[in-house]
Amino acid sequence: CSKYDEGSNFTLLTKKSRMVNNWHLMSANVDGFEISLSGISKHLELSKDGSSKYTETYIILGQTYEGITNGTWEFNDDKSKLVLTETGATISDEFTILKLTKDELKTEQVDPSTGSVSVNTWNTK
């Protein structure tokens, strides 16, 4: 039985070795509605040493805008959540892991202020 709702039932790779990767956002939805990623590129690099780098690139009216956020990543105690903390921040973002394979990561996050549910699918290709 897998820890993650949509995970595979058997793997020789540890959760950490599967999580350490350069992830690319492939799909996103909020409250069940698909979000268009046209003109948007998001990458999440999770390193073995626990460091993280999140890069967002937007193309608006032909202009490219890029934002980079550095920080750290870890699992919560039972490894059911990915915890990202921006450098200098006191509050972390937690994402429930729905699926974790060597090539795919699917996460869910509930916005505490609105109750909106975001589901993101990332892959390594």
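**Notes on the strands and side chains**

1. Lys-81 counts as partly exposed, because its relative accessibility is 27%. On this scale buried means under 20% relative accessible area, exposed over 50%, and partly exposed in between, with a 1.4 Å probe and protein chains only. Accessible areas come from the Shrake-Rupley method with a 1.4 Å probe, and for residues only the protein chains shown count as cover.

2. This is a predicted model, in which local features need pLDDT of at least 70 and side-chain atom pairs count only at pLDDT 80 or more, while totals for chains, interfaces and linings use all residues. Residues are numbered from 1 along each chain as its sequence is written, and side-chain values use heavy atoms, with hydrogens and water left out.

3. Lys-81 has a partner in Glu-94: the two form a salt bridge whose closest N and O atoms are 3.6 Å apart. Because Glu-94 lies in strand 7 (residues 93-100) and Lys-81 in strand 6 (residues 81-86), the pair ties together parts that are 13 residues apart in sequence. Glu-94 is partly exposed, with a relative accessible area of 39%. A salt bridge here is a side-chain nitrogen of Lys or Arg within 4 Å of a carboxyl oxygen of Asp or Glu. Strands (E, at least two residues) and helices (H or I, at least four) are DSSP runs, numbered from the N terminus.

4. How many salt bridges does the structure hold? There are 4. Among them is the pair of Lys-99 and Glu-104, with the closest N and O atoms 3.1 Å apart. Another joins the side chains of Lys-102 and Asp-103, at 3.1 Å from N to O. Glu-104 is partly exposed at 24% relative accessible area, and Asp-103 is partly exposed at 27%.

5. Asp-103 and Glu-104 are also among the residues that Asn-123 touches; the others are Asn-22, Trp-23, His-24 and Met-26, with residues up to four places away in sequence not counted. Contact means heavy atoms within 4.5 Å. Asn-123 lies in strand 9 and counts as buried, because its relative accessibility is 18%.

6. Which strands pair with strand 1 (residues 21-30)? Strand 3 (residues 40-46) pairs with strand 1 in the antiparallel sense over 4 bridges, and here Asn-21 stands opposite Leu-46. Strand 9 (residues 117-123) is also antiparallel to strand 1, over 6 bridges, with Ser-27 opposite Thr-121. Strand 2 (residues 33-34) pairs with strand 1 over 2 bridges, again antiparallel, and Asn-29 has Glu-34 as its bridge partner. Two strands pair if DSSP finds at least two bridges between them.

7. Strand 1 and strand 2 form a hairpin with 2 residues between them, and Asp-31 in the turn has a positive phi of about 50°. Strand 3 and strand 4 form a hairpin with 4 residues between them, where Gly-50 in the turn has a positive phi of about 95°. Strand 4 (residues 51-60) pairs with strand 3 in the antiparallel sense over 7 bridges, and Tyr-54 is the bridge partner of Leu-44.

8. Strand 4 also runs antiparallel to strand 5, joined by 10 bridges; in this pairing Ser-52 has Gly-71 as its bridge partner. The hairpin of strand 4 and strand 5 has 2 residues between the strands, and Leu-61 in the turn has a positive phi of about 50°.

9. Leu-61 belongs to a nonpolar patch on the surface, together with Ile-60 and Tyr-65, with about 390 Å² of accessible area together. Patches are made of residues with over 30% relative accessible area and no salt bridge; like charges are joined within 9 Å, and nonpolar side chains (Val, Leu, Ile, Met, Phe, Trp, Tyr) within 5 Å. Tyr-65 is found in strand 5 (residues 63-75) and counts as partly exposed at 47% relative accessibility.

10. The structure holds 1 aromatic pair. The ring centres of Trp-73 and Phe-75 are 5.5 Å apart and the planes stand at 85°, so the pair is edge-to-face. Both residues, Trp-73 and Phe-75, are buried. Rings of Phe, Tyr and Trp (its six-membered ring) pair if their centres lie within 6.5 Å; planes under 30 degrees apart count as stacked, over 60 as edge-to-face and the rest as tilted.

11. Gly-88 has its place in the loop between strand 6 and strand 7. Is Gly-88 buried or exposed? Gly-88 is exposed, with a relative accessible area of 80%.
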